[in-house]
Amino acid sequence: MRNLKKQSILLFATGLGIGLIPKVPGTFGSLLGPPLVLGMLWLNLSLPVYLLVSVVLFLVGVYLCDRGAKILGLDDPGCIVFDEIGAFTVVLLPVFDRAIDLRFLWYSVIAFLWFRLFDIWKPWPVRYFDRIHGGWGIMADDYVAAIYAAICLYLTLILLGWF
């Protein structure tokens, strides 16, 4: 039973195994973020419920990422990508009230590029949170990078005349 629990934690922490891709697992993990948000938008959640789900994903992620890292015996293993996935609920927040149509694909591409930039570059305070050990640090740096990405997504959409 103990192995089943560990395997389940690793399954979710690695984004159903996508984080096990040997090259750039965080980038591949980030690809699961937009479909998650699309599903949430399709459910037509109110903004408070959407934000609550984002917070719950963060808290669940703290647990999963912390436990997953401990199971693997590493501080912040690259294969743990739940943080990248959950952070997209913040990245795509500027398009929360937009219609679900082909434009969502373009929003997602732009959001993905901005998020990967900030997640890799780690400007202050992303770098500060990245230095925190355990699940809190694993999740927090991505959610802070997501705030930067959401602001840039919003500004990009304004510049493109899409807002």
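Predicted model: local features only at pLDDT ≥ 70, side-chain atom pairs only at ≥ 80, totals over all residues.
Residues are numbered from 1 along each chain as its sequence is written, and side-chain values use heavy atoms, leaving out hydrogens and water.

The chain has eight helices and zero strands. Helices (H or I, at least four residues) and strands (E, at least two) are DSSP runs, numbered from the N terminus.

Take helix H1, residues 2–13. Its twelve residues should span 16 Å at 1.5 Å a residue, and its end C-alpha atoms are 16 Å apart, which agrees. The expected span is 1.5 Å times one less than the number of residues. Just after H1, Gly15 takes a positive phi of about 65°.

Now the whole chain.

| Property | Value |
|---|---|
| Box filled by C-alpha atoms, along the principal axes | roughly 50 × 35 × 30 Å |
| Radius of gyration of the chain | 15 Å |

A compact globule of 163 residues would have a radius of gyration near 15 Å, so the chain agrees. The radius is taken over C-alpha atoms; the globule rule is 2.2 Å times the number of residues to the power 0.38.

Of the 163 residues, 46% count as buried, meaning under 20% relative accessible area (1.4 Å probe, protein chains only).

How values were computed
Buried < 20%, exposed > 50% of the residue type's maximum accessible area, 1.4 Å probe, protein only.
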